[in-house]
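My notes are below, in the order I made them.

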Amino acid sequence: MEYLNANDILPAELLEQVKKYAAGKYLYVPQNESDMKSWGELSGYRKQLSKRNRMIINKFKYGITIEELSKEYFLSEESIKKIVYSKKHTGELRFYPHIDSAKEYDEQGLLEEWIHTYLLFERKNKAFSDGLYQEERYFIGPIIMPVQLFHRSSGPEEGMKWRVDETVFEERTKSWMEKLEQSEKLPPLIISYFSDTFEINCNSPLHEALVRMNIKEFPVIIWITLRTDYEDFKQKYNEYVKFDYK
């Protein structure tokens with residue numbers, strides 16, 4: 001916020017009155033209600049720019065070139081350079097593929113950007129990332145919820161939405177079990193909620209490892225498409241949202 005000298009902007013008569021009550025003090029003069037509305041709209045726009053810029057920064061750090069980013073976001077290469085080399089955007093926020101990092105992003109209103117970065121560069125699942133972009137989504141998390149609520153959408157069993165090789169699934173499950181035993185930092189489960197159903201969309205072998213090790217609760221990120229499902233989730237599961245995942 002810019003500070004101005006009252007001598008430069010106030011009439012002499014008004015300045016004398018102000019001095020009687022606040023000489024030598026800093027004053028905040030609120031805007032008119034109509035101006036506040038404009039500022040709110042501008043703040044929303046700036047929030048969207050912040051999210052866009054964070055994704056551009058993350059993609060650049062993972063090897064996407066200036067030229068590629070310029071074409072993807074319809075910005076000049078000079079504009080992209082200003083974004084990726086600037087130190088102003090979200091401070092020193094860095095991406096890591098674990099729960100603590102997701103929490104840091106969420107605290108800055110950038111949870112969705114963490115999810116897309118994780119899907120693109122850790123899971124190599126561009127199709128999932130692109131699918132999430134197709135509609136507006138609600139994102140909640142990371143929050144701790146009971147593991148028993150969730151259902152896998154992929155695995156070697158018959159009837160799974162996505163069948164995977166049994167040997168591959170078993171190897172991945174055992175790998176997650178080893179990481180859990182060693183108390184390594186892990187990513188949250190990414191789960192969709194619709195019609196009172198929780199479907200695991202990412203890291204099904206991790207969920208299987210949790211079940212085998214009898215771990216009752218684990219941090220998750222919930223994504224929801226419909227407003228009705230969002231309201232339903234808040235009504236039925238708000239008790240879990242109230243608690244920090246730590």
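This is a predicted model: local features need pLDDT of at least 70, side-chain atom pairs count only at pLDDT 80 or more; totals for chains, interfaces and linings use all residues.

These entries go from the sheet to the helices and then to single residues.

**Entry 1**

I looked up the strand order and found an open sheet of 5 strands, β1-β7-β5-β6-β2, with mixed pairing. β1 and β2 (150-152) are the edge strands, and each pairs on one side only. From one strand to the next the twist averages 40°.

I then went through the pairings. Strands pair through backbone hydrogen bonds, either parallel or antiparallel. β1 (residues 138-146) runs antiparallel to β7, and 7 bridges join them. Y138 is opposite I224 of β7 in this pairing. On β5 (residues 189-194) I found 4 bridges to β7, in the parallel sense. There L189 has V220 in β7 as its bridge partner. β5 also pairs with β6, antiparallel, over 5 bridges. Y193 is bridged to F198 of β6.

**Entry 1: strand β7**

Is β7 enclosed or open to the outside? I counted it by burial, taking under 20% relative accessible area as buried. Of the 8 residues of β7 (residues 217-224), 7 are buried, so the strand is largely enclosed by the rest of the structure.

**Entry 2: helix α7**

I looked at what lies on the sheet. Helix α7 (residues 111-122) packs on it and touches β1, β5, β6 and β7. The direction of α7 makes about 80° with that of β1. From first C-alpha to last, the 12 residues of α7 reach 16 Å, close to the 16 Å expected at 1.5 Å a residue.

Burial in α7 is 10 of 12 residues, so this helix too is largely enclosed by the rest of the structure. Its buried residues include W114, H116, Y118 and F121, and E113 is also on that list. Just after α7, K124 has a positive phi of about 55°.

I found α10 lying across β2, β5, β6 and β7, at about 125° to β2.

How far does α11 span between its end C-alpha atoms? For α11 (residues 227-241) I read only 17 Å, whereas a straight helix of 15 residues would span 21 Å at 1.5 Å a residue. I also found a bend of about 60° in α11 at Q235. The buried residues of α11 are D229, Y230, D232, F233, Y237 and Y240. They pack against β1, β5, β6 and β7.

**Entry 3: the pair α4 and α5**

I describe two packed helices by the angle between their axes and the distance between the axes. For α4 and α5 the angle is about 110° and the axes are 9 Å apart. An angle of 65 to 115 degrees counts as roughly perpendicular, and α4 and α5 are therefore roughly perpendicular to each other. The residues that meet are I66, E67, L69 and S70 from α4 and E77, I80, K81 and V84 from α5.

I followed up K81, which lies in helix α5. K81 is partly exposed, at a relative accessible area of 32%. Leaving out residues up to four places away in sequence, K81 touches I66 and S86. K81 and L69 are 12 residues apart in sequence, and their C-alpha atoms are 9.8 Å apart in space.

Most residues other than glycine have a negative phi, and most peptide bonds are trans.

Which residues does a cis peptide bond join? It joins G141 and P142, with omega about -5°. P142 is in strand β1.

F74 is not a glycine, yet its phi is positive, about 55°. F74 sits in the loop between α4 (66-73) and α5 (77-85). Is F74 buried or exposed? F74 has 75% relative accessibility and counts as exposed.

N203 is not a glycine either, and its phi is positive, about 70°. I placed N203 in the loop between β6 (197-202) and α10 (204-212). At 3% relative accessibility, N203 counts as buried.

Definitions and conventions
Residues are numbered from 1 along each chain as its sequence is written. Side-chain values use heavy atoms; hydrogens and water are left out. Buried means under 20% relative accessible area, exposed over 50%, partly exposed in between (1.4 Å probe, protein chains only). Helices (H or I, at least four residues) and strands (E, at least two) are DSSP runs, numbered from the N terminus. Two strands pair if DSSP finds at least two bridges between them. The expected span of a helix is 1.5 Å times one less than its number of residues. The bend at a residue is the angle between axes fitted to the seven residues ending there and the seven starting there. Contact means heavy atoms within 4.5 Å. Axes are lines fitted to C-alpha atoms, for helices over the stretch in contact, and angles run from 0 to 180 degrees between N-to-C directions. Angles under 35 degrees count as roughly parallel, over 145 as roughly antiparallel, 65 to 115 as roughly perpendicular and the rest as oblique.
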